[in-house]
Amino acid sequence: MKKLNLIKKFKQLSKKKKIIIGVIFCLIILASIGSYFLFFKNKKVDIKEPIIENTPVKEEKKLKVLDLDSKSRPVAVMINNIATARKYHSGLQDAYMVYEIIVEGGLTRLMALYKDANTERIGSIRSARHYYLDYALENDAIYVHWGYSEYAQKDIASLNVNNLNGLIYGNKYFWRDKSLKVSSEHTAYSSMDLINKGIDKLGYRKTTDDKPLLNYSIDELDLNTIEGVIPANSVSIAYSSSMKTEYVYDSEAKNYKRIVNGNAHTDYGTGKQYTAKNIITYQVQNNTIVGDIKGRQNLTTVGSGTGYFISDGLAIPIKWTKSSRTAPTKYTLINGEELVVNDGNTYIQIQPVGQSLIIS
C-alpha cells in the first residue's frame, strides 16, 4: 500500500521536481560504484589453488639380461670353437646364455642362446652334435646349425627339433665370409634378422610359455651368506690336454673376463674381450662313440651331480638334476633351495668328469 502511495505522489510532482529526484538517484548509484572500485582496487583476492600431492612414482626394476614379460622363443646357435676360427667369433656378447661342451678331438663347441636380440653377425656357425639338442630343448629354443653328425641328424628328426640348417638354407639365411683367411667350413655366419626370416619361412612357433631356465635376481646377490662359499677371483676349466677355458674376475666391472688357451677371447667386430656375469660349471661322463672314425662323443646329459655357481668373485657349491633329454636342468643350493643368479649373461661350462677344475 505504501509503495502505491509513493508512486501516486511521484506522479503528482512537477516535471522539474521529477528531474531533480532522477538526477539525485543517479548520483547515488554512481557514488556507490566509485566507492566499490576505490575499496577493492588494490585488494588481493586470495584464490587457493587445489593441492596436488606429488607422490613419488616407484620405478619398477627390470632385468637387463632378459625381458621377463617377453614371450619370444629363444634361438640356439652352434658356434665353432676351433683355434683358427675362434679369433673370428662374432656376436657372443648378445647371447644371454652360452653352453660350452666337449666334442671330438678334445675340442669344444659353444651353443649361444639369443632372445629378442638384433645381432647383425653371429658365428662362425658349425655343425650339430646330438647332445647339444638336449640343452636347446630344455630352453624351448629353435636350433641353428650348419650341417650335423649322423647322430644329430637322426635325433633332430626323432625329437622333432625345430631347426634351421645352413647345409639346406645356406644361400638364403646364412653367408660365408670369404675375406677370412681360413678354410671354408669355418666361415659361416648369420644374423638375427636372417634367422628370423628363416623361422618365418619354415613356420616354426615363435613364442613360448616356458619360463627362463635360470631364476634371476634384479638386485645384486650376497653370496657371502651361502654355505660353502669360497673365493673365485680366477677359474680354470680344463676340457682336455689341449683345451682350457679360464675366467679372471674384474672387481670394478663386476664380471669375469674370458680366456681360452691362454689368450683373451675377443669379438671379431668390436675387439672387446668377452665377459660373463655368471658361470655355472659341473662335470658329466663322456665317451668316444665306438666305431666312429672321427672320434665323436657321447655325453651323459640325464642324471644329477654337483658343481659350482660363480659370480661376483665368489663360488658356491650347487646341485644339478636333469630328468630327461627334454626336461630343464634344475639347479639348487646344497640345502635344496632353488639357485638364484645375478642379472647378467651366463656361461654354462659342462666339463668331462676327471678334468681339472681350479677355483681360487
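## Strands, a helix and salt bridges in a predicted model

Strand β1 (residues 75–79) and strand β5 (residues 142–145) pair in the parallel sense, joined by three bridges. Two strands are said to pair if DSSP finds at least two bridges between them. Strands are DSSP runs of E with at least two residues, helices are runs of H or I with at least four, and both are numbered from the N terminus. This is a predicted model, in which local features need pLDDT of at least 70 and side-chain atom pairs count only at pLDDT 80 or more, while totals for chains, interfaces and linings use all residues. Residues are numbered from 1 along each chain as its sequence is written, and side-chain values use heavy atoms, with hydrogens and water left out.

Across from Val144 in β5 stands Val77. Strand β5 also runs parallel to β6 (residues 163–165), again over three bridges, and His145 has Asn165 in β6 as its bridge partner. Between β5 and β6 the chain passes through helix α5 (residues 150–158), making a right-handed β-α-β crossover. Right-handed means that, with the strands pointing away from the viewer, the path from the first strand over the helix to the second runs clockwise.

In a regular strand the side chains alternate between the two faces of the sheet. In β5, Ile142 and Val144 lie on one side, Tyr143 and His145 on the other, and all of them are buried. Buried means under 20% relative accessible area, exposed over 50%, and partly exposed in between (1.4 Å probe, protein chains only).

Helix α7 (residues 192–202) has Met192, Leu194, Ile195, Gly198 and Ile199 buried. These buried residues line one face of the helix, because they fall within an arc of 160 degrees seen down its axis; the arc is that of the directions from the helix axis to the C-beta atoms. After α7 comes Gly203, with a positive phi near 75 degrees.

The structure holds 16 salt bridges, each defined as a side-chain nitrogen of Lys or Arg within 4 Å of a carboxyl oxygen of Asp or Glu. The table gives examples.

| Salt bridge | N to O distance |
|---|---|
| Asp177 and Arg121 | 2.9 Å |
| Lys206 and Asp200 | 3.0 Å |
| Asp292 and Arg296 | 3.3 Å |

Asp292 and Arg296 are both buried. Salt bridges with shared partners join Arg73, Asp140 and Arg205 into one network. Asp177 counts as buried because its relative accessibility is 12%. Lys206 is partly exposed at 39%, and Asp200 is partly exposed at 46%.
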